[in-house]
Every structure is written in C-alpha cells, then in structure tokens.
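User: Walk me through where the labels on this one come from. I'd like each value set against its cut-off.

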Amino acid sequence: MTTTRRSLLKTAGAAAGLGVIGMPALAQGAAGKIVIVGAGFGGATTARYLKRANPALDVTVVERDDRYVTCPFSNYVIAGFRKLDDLTHSFDGLRKAGIKVVKGEATAIDTATRSVSLGDGTKHAYDRLVVSPGVDLSFTGVPGYSEAAAEKMPHAWKAGPQTLLLRRQLEAMPDGGTFILCAPANPFRCPPGPYERVSVVAWYLKTSKPKSKILVLDAKDVFSKQGLFQAAWESEFPGMVTWIAGKDGGKVESVDPASMTVKSGFGSETGAVINVIPPQRAGAIAHAAGLVGDNGWCPVDPMTFASTRAANVYVVGDAAVAGAMPKSGSSANTQGKVVAAAIVASLAGRTPGAPALFNICYSLVTPEYGISTTDVYQVSDKGITTTPNAGGVSVRTPTTLNERKLEAEYTVNWYKSITADVWA
Amino acid sequence: MGIRVPAMVLAVWLLPLQVSAQATGPSGQAMAQTCYVCHGPAGKSDGPIASLAGLPRDHIVRQMADFKADRRPGTIMNRIAKGYSDEQIAAIADFIATLK
C-alpha cells in the first residue's frame, strides 16, 4: 500500500504544476512551490510538516552546510560528556520525505518576482518562501571582539569548530585558572544557554580541576531559570561560580585577546579561558531581504508567522519576533508546524486555524541534574503571550519523585524526540 | 414535535454551540503536534518519556486532568496541563487516539 500510495503521490507532485485533477493528494490542498532558507530546527520542521500535510507540494530547502550541528547539547561537548558527532544531523531524512535539499547560501530575495538567489548565481522561484536563518553574531557589539578574536576568546554560540575550540581550551586550562563567561543582553539565542554552560563547565572543573573558578560577567540583571541555576551552583559547586549582574558592573565594556582580559564596571579581569557570547541579530539574508525591523529582528503576524514586511514570505525560529517565546529549538519546532499549516491554508485560499505554540527548554546542571522551563502560549491582539497560571520552571525543592534526576533523563529524551521530529 | 420548544430547552441546546463558537482555538491536531517535541514524532518516544501513540482517548483525558489538578505528581506535565482548558485536552486526546 505504501509503495503504491507513495508513487502515486510522486506522480501527483511532479504533475502538480500542470493542474492535474482528482489525485488524492490534491484533494487535501492546492499545490505550490515552497522554498525554505535554512535547514535548522525552524526550516526543517516547516519542510517536513508541509510535505506531511500535502505531499503534492514542491518543497525545496536551501542550506549552506552539508549537515546541521545543533546548539542544543553543544554545552555537553564543551563539558566533555558528548561528542560533536552526536549533535550532527544529515539531511537524508528530509530527502527521503521528498524534500529537495539544495546546498548554497541564499544571498538575495526578490519579493516582487518571488525568487531567491543563491551565492552561485542560481535562482529559485517560489509561491511561498520561508526564511529560517537563525542568528548572526554581532562581533562589533563588544569593543575589542572580532571574528579573529573569537579564535582566542571563543563564542561557541554556533555549534561546530568553535565548540571544539572552547573544549580544547578548557582541557588545556591549568587547575586554579579562571574561566570567564561574558553573557549578552536580551534577546539572544537560547536564554538559559550561558547558565547551562556555566553549570556543566563547573561540573567538569569540579571533577578535573577543582581549584578553578568561574566568573560570569552579565549584561543583564536577571536570567532564565535564575533561582534554580543559582541554587544548583551553590549546592553542586560551592564557592566556584561568581555571577555579576549588569547593575553591579557585569556589562562588558571591552575585551583584549592579547592580554586575555575583560574590562567591565566590575574591573579588569584576566582569565585563563574566556568565552564571549556577543549580541545577536537575525541572519544576514533577513537583513538583505528587508525583513528586519529597527531592532535587527523580523516582525511577523503572530497568527501565521507571515512577515509583516513582505507578502508570501514567512519567518520562523530565532530570527522572528515571537512575543513571549524564547529563541529556542523547541520554539522553532512548534513555529515551523504553525507556518506549515498556514501555508497549506493560504495556498488553498482558506483561513488558517489558530496557532498552537509551545516551548520547553531543558538544561543540565550535571549529567544527573536537569531543570526545565516551559510555556503554553496564546495569540491575541496583544501578540504571543504565556498562558496565565501555567508553565514556568521546575519545582524549587525536589521531592521523593527525584525531579532533578528525572529531568536529566528527560533532557536526553527531549533531544532524541525533537531531532527525530525535525531531521530523522 | 418541535413546533413549540420551551425557551429553557432551547437555551440549553444552544449553549455548547455558543461556547465552541467563542473558543475557536487551535485544533486538536495542532496542539497535539506540539507534544512531539518531547514525546517523539507521531507520539512515539524512544526513552523514558511516555509514548502517546496507542493510548486510549479517555486515558489521556484522565491523565491530563490529574496532572492539571496536581492529583498525579510529575516533573513538567503538571505545568503544561494547566495551560489547556478541559475542551482543549479533549481535542488533543481525540487526535492522539488516532495515532497508530
């Protein structure tokens, strides 16, 4: 049955442009050509759920890399209990689902003629375009920092070589050295990420280099899961972590890679290893295509994630302004499903149903100690807001249920589930 | 029958329709698909998080109601269940019960 149905659908897909009538797939919705920029959590989810909703759709994903390396779990590579290979996902699953994956960098979008140009000069026409470019790092956001400086003071905020560099530096760090992490102001990718990194690095140092210290210089006064993280630092790594809020001078004024120092209102601090997480903005293609607002991010209609700046264009994931939703893989995953449904409805001339938006961010403090924050969202004329009296963070005081251990197991299961949903 | 419908009967009969017209929230399918982020694609989980595929509708409704009312202890589902109305939970369960 599967083979027959699949080959039938393939025929329907190929012939869709010719207006074949009566095929079962076409009964589900109108055909169309959809181009998606980026095969990360947002883009790949959108592609899969489009194809699932209507196999007749012609779906092309443009992606500059051969594989996707997730930022989630990259902190565990830095701490030494995961390998980068464990976080690397091929696009074979997308191809098997009938999605075309084109290697290339989208450099321009012509919204009038509905076409995306790639770096190699090829053009891809679309009926609907989905832009899921993630974030670009703003190297100029920290005086003294640059792409070259990041070879000495890694950001490790894009998983890959930078992740491995920071791992090597921590391995080479002498016992008793100071690891300095510079955390950015909001908004940025993965709000609990810097603090999860501090936690698992502390776990590594406690076991391997126990005389070492961690200094967090933060542009912010509050951060995600703050109470849980700070309680865990105290109980699991007493005396190791010092966090300096922005109001207490934590905002970094400049960095000097030559002397390995960081200047802030707190003073001039020298570190053995320095991790600078710079400010961020929507990926370059969103800027080139004029999809961004003054704040460097892409405004969207919260019902559909359609760009408010260009017709037939949707923005999903970290690049979008999504109200109360954090910039996370889980957010991008649920947004991708909303966009897929919105595009199918739009091609069929129907009004899309209300969006279902949800987020879950698990963090590990140690491999055996997990915490989470979650929210169910509502969309109204106030935009995307959290559902009152629901969601929030893990219980403050664990019970006999052993919440921390369970949530550590669920963290690993979450990763398996979401990456299977997106790329498998 | 039906020439004279007492006003009260009519009001009761109309009530569910009015409620559902007001609450045009996300579909059961749309909400259920957000569960996959932890419970796995099509509700199939590979690990300690429960698979949803194959669970009977009424079981799902009961578990969600118990999480929502904190009658069943949990790590995160209590927080999540509180984000949905009873009608939404029923709609989610209706869809999940169709997963094989």
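Analyst: Helices (H or I, at least four residues) and strands (E, at least two) are themselves DSSP runs, numbered from the N terminus. This is a predicted model, where local features need pLDDT of at least 70 and side-chain atom pairs count only at pLDDT 80 or more, while totals for chains, interfaces and linings use all residues. Residues are numbered from 1 along each chain as its sequence is written, chains are lettered from A and ligands numbered from 1 in the order written, and side-chain values use heavy atoms, leaving out hydrogens and water.

User: How do you know that strand β15 of chain A is joined to β16(A)?

Analyst: Count the bridges: β15 (residues 261–264) and β16(A) share 4 of them, and the rule asks for at least two, so they pair. They run antiparallel. One bridge to look up is Lys263(A), whose partner in β16(A) is Ser268(A).

User: What makes β14 and β16 of chain A edge strands?

Analyst: The sheet is open, with 3 strands in the order β14-β15-β16 and antiparallel pairing. β14 (252–256) and β16 (267–270) each pair on one side only. Neighbours in this sheet are turned by 20° against each other on average, direction ignored. For that angle, axes are lines fitted to C-alpha atoms (for helices, over the stretch in contact), and angles run from 0 to 180 degrees between N-to-C directions.

User: Which strands of chain A make up the open sheet with parallel pairing?

Analyst: That one has 4 strands, in the order β13-β12-β11-β17. β13 (241–244) and β17 (273–276) stand at the edges with a single partner strand each, so one side of each has no neighbour in the sheet. The twist averages 15° from one strand to the next. β11 (residues 178–183) and β17(A) pair in the parallel sense over 4 bridges, and Phe179(A) has Val273(A) as its bridge partner in β17(A).

User: Why is the pair of Phe41(A) and Tyr68(A) called edge-to-face?

Analyst: Rings of Phe, Tyr and Trp (its six-membered ring) pair if their centres lie within 6.5 Å; planes under 30 degrees apart count as stacked, over 60 as edge-to-face, and the rest as tilted. The count over all chains is 16 aromatic pairs. Phe41(A) and Tyr68(A) come in at 6.2 Å and 85°, so the pair passes on distance and is edge-to-face on angle. Phe41(A) sits in helix α3 (residues 41–53) and Tyr68(A) in strand β3 (residues 68–69), so the pair ties together parts 27 residues apart in sequence.

User: What values do Phe81(A) and Trp203(A) give for their pair?

Analyst: 5.3 Å centre to centre and 80° between the planes, which is edge-to-face again. Phe81(A) is in the loop between α4 (74–78) and β4 (88–89), and Trp203(A) is in helix α7 (residues 193–208), 122 residues apart. Both belong to a cluster linked by ring pairs, along with Phe73(A), Tyr76(A), Trp414(A) and Tyr415(A).

User: How far does α7(A) reach, and what is expected?

Analyst: The expected span is 1.5 Å times one less than the number of residues. α7(A) reaches 22 Å from first C-alpha to last, close to the 22 Å expected. Helix α11 (residues 403–422) of chain A reaches 27 Å, close to its expected 28 Å, and 14 of its 20 residues are buried.

User: What makes Arg167(A) count as lying over the face of Tyr204(A)?

Analyst: A charge sits over a ring if NZ of Lys or CZ of Arg is within 6 Å of the ring centre and within 35 degrees of the ring normal. Arg167(A) is at 4.5 Å from the ring centre of Tyr204(A). Arg52(A) puts its charged end over Tyr49(A), also 4.5 Å from the centre.

Note on methods: Buried means under 20% relative accessible area, exposed over 50%, partly exposed in between (1.4 Å probe, protein chains only).
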